[in-house]
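Trainee: Could you walk me through this one? I have not looked at it before.

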Amino acid sequence: MKEMVNPEMHVSPYDDTIPVIIVGAGPVGLLLALRLAQSKIRSIVLEQETALGTAPRAIGYYGPVHNVFKEAGIYDQVATEGMPSGGYAWRTLPTEDECGAKTLGSILGKNIMSRPDSSGRYGICTYSIQLAQCRLAEIMLEKASNTGLTEVLWGHRVIDLSQDDVGVTVSTISGQGESHTLRGLYLAGCDGGKSNIRKLLGIGLNGHSWPERFIATDILRTAPVVEDPPVHFTVDRRYWAVVTPLEHVKPGVRGLWRYSMAVPAFEKTDGSQTVLTDEQVLEPEYVDSLLLRQIDGPRPSDHVVVRKSLYKMHQLLASTMHRGRCFLAGDAAHINNPIGGLGLCTGLLDADALHQALEIVFSLGKEQSASAPIAKIRHPGRTVDPLAVFSRYSAERRQVFQNIIHPYSSANKIRLHSADPEDVAREDWYFQALRRGDAKELARIHAPLSDSWRTDMWGMLTTFFEDV
């Protein structure tokens, strides 16, 4: 029997071979570190920033992501802190009354996924949890750090990597100019859309970019009403948007909301148009001009912008998510527009699948060592082929993006601005299905997100064996 790792034992990250080096301390990298630690596999997380990011990014978590949270031991906390939404609504822009106040626009469509029970709780996997990505990362960081089997090295930017038959060597530089070299058995690039790991591996991205820009704003405001469901999409050719609470909110009580809005060409008073620079878009006056088209309630509005970020939107997929002993997960591997909350959720499910793949190899493959005493199943005379495991990880996750995430997220975006709102509501196939309300039809439409979004690597175990 192999000796168990002592979680309290501290080993210098620069002096030994680390089972898994993770690059990127966002939710994808931190979830991978947490799950590996729970499988007694030690990791080091390298993050080029000096602290967790706070920019407005992902907000909604649903479907099989809930099960991953549950297995990671964070579901209850995430569900308690986040605002539950049992569905989504699609609306027109708010309308203005004779006093200048605005009311929420008319409903064009509504998808009710579930209703709470008598205690106000929703069933796991039946609703969406709305919680800022930065808070989710904080929860994961605390949980992972408490295991004693992972450590985050802040301010470490990877500048080079090389790999051979038995490991990966990574060179980093700190903000103070200090150089370090780390050696690991495997490396996971979870370092976002501009992934340095992807570039160092020579892996390309393929797809297209959308012409529009998208600004995400977190604001404090007093909502006159909180509708059910509280999340809605604004359908409009120019001013399409997504509106969601970021915490438990109540009518008449100040709370934190996310307004994510398309950036149209700026309209001058004479009707001509000009495209604003990124700097001009982020000017407070312009941001407010967009917000005031979306925010309901009396005027003047009492909203305060807490943070804001401007994004370009893409539909891009890496040519592979596995090369040698290195892997990609999350935005480092694929990028899609944010409408529908498919981006980070898919990245979290990548981390889940990669954790399973590494767990299989460490427990049943040739990497069995005191770093990973987790053998769930023993097969005398047989071991798994790591290449088969990791190649399957890449193939399965790329297939999910190509067949589910790319088409779904593209349709979600186009639906918001492809035509006049009333025409979209009348003619779009999805809105027609929502109006029919046939439970079996809607279940079939949504089935890929419940049945195929998550990858069961352990369920493919028999395909990975080779005789010894």
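**Surface, helices and salt bridges**

Mentor: Let us start with Leu220, which counts as partly exposed because its relative accessibility is 30%. Please keep in mind throughout that this is a predicted model.

Trainee: OK, and where is Leu220 found?

Mentor: Leu220 is found in strand E14, which covers residues 205-222.

Trainee: Which residues make a nonpolar surface patch with Leu220?

Mentor: Val304 and Val306 do, and together with Leu220 they make a nonpolar surface patch of about 210 Å².

Trainee: Switching to salt bridges, how many are there?

Mentor: The count comes to 23 salt bridges. One of them is formed by Asp164 and Arg183, whose closest N and O atoms are 2.9 Å apart. Asp164 lies in the loop between strand E11 (156-163) and strand E12 (168-174), while Arg183 lies in strand E13 (residues 179-189), so this pair ties together parts that are 19 residues apart in sequence.

Trainee: Are those two buried or partly exposed?

Mentor: Asp164 counts as partly exposed, at 38% relative accessibility, and Arg183 is also partly exposed, with a relative accessible area of 23%.

Trainee: What about the side chains of Asp278 and Arg213?

Mentor: Those side chains meet in a salt bridge as well, at 2.7 Å from N to O. Asp278 lies in helix H6 (residues 278-281) and Arg213 in strand E14, so the pair ties together parts that are 65 residues apart in sequence. Asp278 counts as partly exposed because its relative accessibility is 33%, whereas Arg213, at 13%, counts as buried.

Trainee: And within a helix, where do Arg392 and Glu396 lie?

Mentor: Both lie in helix H9 (residues 386-417), four residues apart, which is about one turn of the helix. Arg392 forms a salt bridge with Glu396, and the closest N and O atoms are 2.8 Å apart. Arg392 is partly exposed, with a relative accessible area of 30%, while Glu396 counts as buried at 18% relative accessibility.

Trainee: Last topic: how do H2 and H8 cross?

Mentor: The axes of helix H2 (residues 65-72) and helix H8 (residues 343-364) come within 10 Å and cross at roughly 50 degrees. The two helices are therefore oblique to each other, and their crossing is left-handed.

Note on methods: Residues numbered from 1 in each chain as written. Predicted model: local features only at pLDDT ≥ 70, side-chain atom pairs only at ≥ 80, totals over all residues. Heavy atoms only, no water. Patch = residues over 30% accessible without salt bridge, like charges linked within 9 Å, V, L, I, M, F, W, Y side chains within 5 Å. Areas by Shrake-Rupley, 256 points an atom, 1.4 Å probe, with all protein chains shown as cover. Salt bridge = Lys/Arg side-chain N within 4 Å of Asp/Glu carboxyl O. Buried < 20%, exposed > 50% of the residue type's maximum accessible area, 1.4 Å probe, protein only. Axes fitted to C-alpha atoms, helices over the stretch in contact; angles between N-to-C directions. Parallel < 35°, antiparallel > 145°, perpendicular 65-115°, else oblique. Left-handed = near helix turned anticlockwise from the far one by under 90°.
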